[in-house]
Structure formats: structure tokens, C-alpha cells
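Have the model open as you read.

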Amino acid sequence: MTPAAVALVLILALFARQSYAALTTGFYKGKCGSLDVEAIVAQVMSAQFAKDPTIVPALLRMHFHDCFVNGCDASILLDGSTSEKTASPNQSVRGYEVIDAVKAELERRCPGLVSCADIIAMATRDVVVLGKGTRYEVQTGRRDGIVSRASDANANLPGPSVPVSQLANLFANKGLNVSDMAVLLGAHTVGITHCSFIVNRLYNFQNTGRPYPSMDAALANQLRQTCPQVSVADNPVNLDQNASSSNTVDKFFYNQIQLNRGVLHIDQAIAQDSLTRPTVTSLASGAVEFKTRFGQAMVKMGAIQVLSGKKGEIRRTCRARN
């Protein structure tokens, strides 16, 4: 092995062992007698996935929306007339009942032990695996937040047309670099958007009535059939336009955006912008293994502004403060 290769192996090994903030791998080991907390979560998630495989993108989105608003503290789960749930970007977030099911089982078997914030992180990891992604070790030890404001969500959650440079600044403010950003947007390898989010790209390039030239012409024509310019229905559209992998956590999303088949503006933009194009190229070619790198980025994201020690609380129910 060359010196450069040895150095790379050492760097990757150090990254793999890195702990963030006060989080640790196996935080709950031995804290619920002989029961394995992570195995309990995995059992519930396996049953939930069997009923509804679309919980993969649902929980990925929930985890992202939680972490980017005052940290990964499960504040997105709190009910209330002005809570984060009510914010415009969170109107289509779903999966709350899945988290409730995990929490109920953990409270039955290990009462008062596991935070809702950790449940989101573990459950999201488990659905990534169920979606044919690679398992990554989730660091745990988060506590639950007690503040949830729609105004914070509106201020911190980006829209699908945000410029790459602006999104990079937002991610940098959360401790994530440009490569992390491009990798985490790979969550769009699964899931859907709706016509209302892309109609501008299909019909309004510089007020000409034509689609944006950055979109593959054949795809634009196809999507115009799904998304008429004037329509009562807000039809769903797959984010990954590779029909054979649109429900699988894999790298083919990047191959699609390299072919100008990105559905959302930001997805197409990361394939073209000089800030993110090198990462997209590496992931699409397989030079960097997406599934492994995605797990690393998820661990890093999951450590944003976490509460630990005596901060926050361990909620008895995820929808309300104690």
C-alpha cells in the first residue's frame, strides 16, 4: 500500500470513530436491563416499513427538518398552535405516528429512558437500511427540547429554489461543509415532490412559457403531462427519475442530475455549480461510495446543537412536554 493510501485509510478510520458533542455509540447499552434499545427500535421500524415503505423519505425529511431548527432535539414533534409542525415548510412532514409507535414500545419496556430525539435518529437509520442503504452507527445521548416555534422553522428551512451558495452558507452555519450538503441532498434518491414546487421550472423560464433549459427536454415534456400549468390536482412526482431505483437509497440520483434530469431546482443546481459539482461527479462515478458517505453525513447532521446532560428533558410522550 502506498503512503498516500495508508494516509487515506487512517483519515477514514479516524472519521469513523469520531464522536460529536456529548453523543456516543451505544449510549443505552445496559441501561434497560438485558434489553437492547436499538433492537427494539429496529423491530418496530421493520413492522412499520412493511406497512408503508414510503416512511423512508418521510423520516429522512423529518430528521433534517428537526435538526436544522435549533438542533436535533425532537422539537418538530411537539404539538401546539404555533409549534414547528405548523410552519409552512413542515405542512407536508409526516411520520409522526411512526415515532409515536416506537416511543410507546420503548416506554412499555424501558420507561423514562429514551429521548424522542434519539428515536428520530435511530428510526431514520433503520429505514435507510430497510431502503437498501448501508447501516451506520447512530450516536445517542440526546435530550428533548422544550421550545418549538413555527417562526424558527420558517427562518431556518430552505425552499427548493434556494441558490447553491446560499444553501452552502446555511449548512456551514450548522457545521456542515459543501460536501456534506451535496451528500445529504442525496436523500432525494427516494421520495416525491409535488407539481406546485416545479411548475415554475416547467412553464416559466424568463416569462417565455417554456421549461428551464437546464432540464432535459424529454423529461420536461413528460412532467408537463403530469403537471398541467393550470390544474386543481397537485400530483406527485418522483425526485429520482430513474424508475428502477426511485424507492432505493443509492447513488443513481446523482447520475440522473448529471443528465439534467433533476426535478427540483436545487437538485439540478448542485450538478452544475462549481461548489458542488466535484462531489456530485465523485458520487455518480462511484469514486466515493455514496451509501457509506451518506451514513457519515447523517451522523454529522444528527449532532447539530444537541442537548445533553441536564439540558432539556426525556419526554414521556413525544408530542408534549412533561
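One cavity of 30 Å³ or more is counted here, a cavity being a set of points on a 1 Å grid over the protein atoms alone where a 1.4 Å probe fits but cannot get out. This is a predicted model, with local features needing pLDDT of at least 70, side-chain atom pairs counting only at pLDDT 80 or more, and totals for chains, interfaces and linings using all residues. Residues are numbered from 1 along each chain as its sequence is written, and side-chain values use heavy atoms, with hydrogens and water left out.

**The cavity**
- The largest cavity holds about 80 Å³, a volume being the space filled by probe spheres set on the points.
- Its lining (residues with an atom within 4 Å of a point) includes L23, H63, Y136, R142 and M298.
- By class, that lining has six nonpolar, three polar and two charged residues, with Gly counted as polar and Tyr as nonpolar.

**The two domains**
- Domain 1 covers 21-156 and domain 2 covers 164-298, with bounds from an automatic or database domain assignment.
- Their centres, taken over C-alpha atoms, lie 25 Å apart.

**Where the domains meet**
- In contact (heavy atoms within 4.5 Å) are 14 residues of domain 1 and 14 residues of domain 2.
- About 1,200 Å² is buried between them, 73% of it from carbon and sulfur atoms; buried area is the accessible area (1.4 Å probe) lost on putting two parts together, summed over both.
- On the domain 1 side, L60, F68 and Y136 lose the most area to domain 2, together 38% of what that side buries.

Terms used: 1 Å grid on protein atoms, 1.4 Å probe; cavity = no way out; pocket = protein on both sides within 12 Å on 5 of 7 lines; lining within 4 Å.
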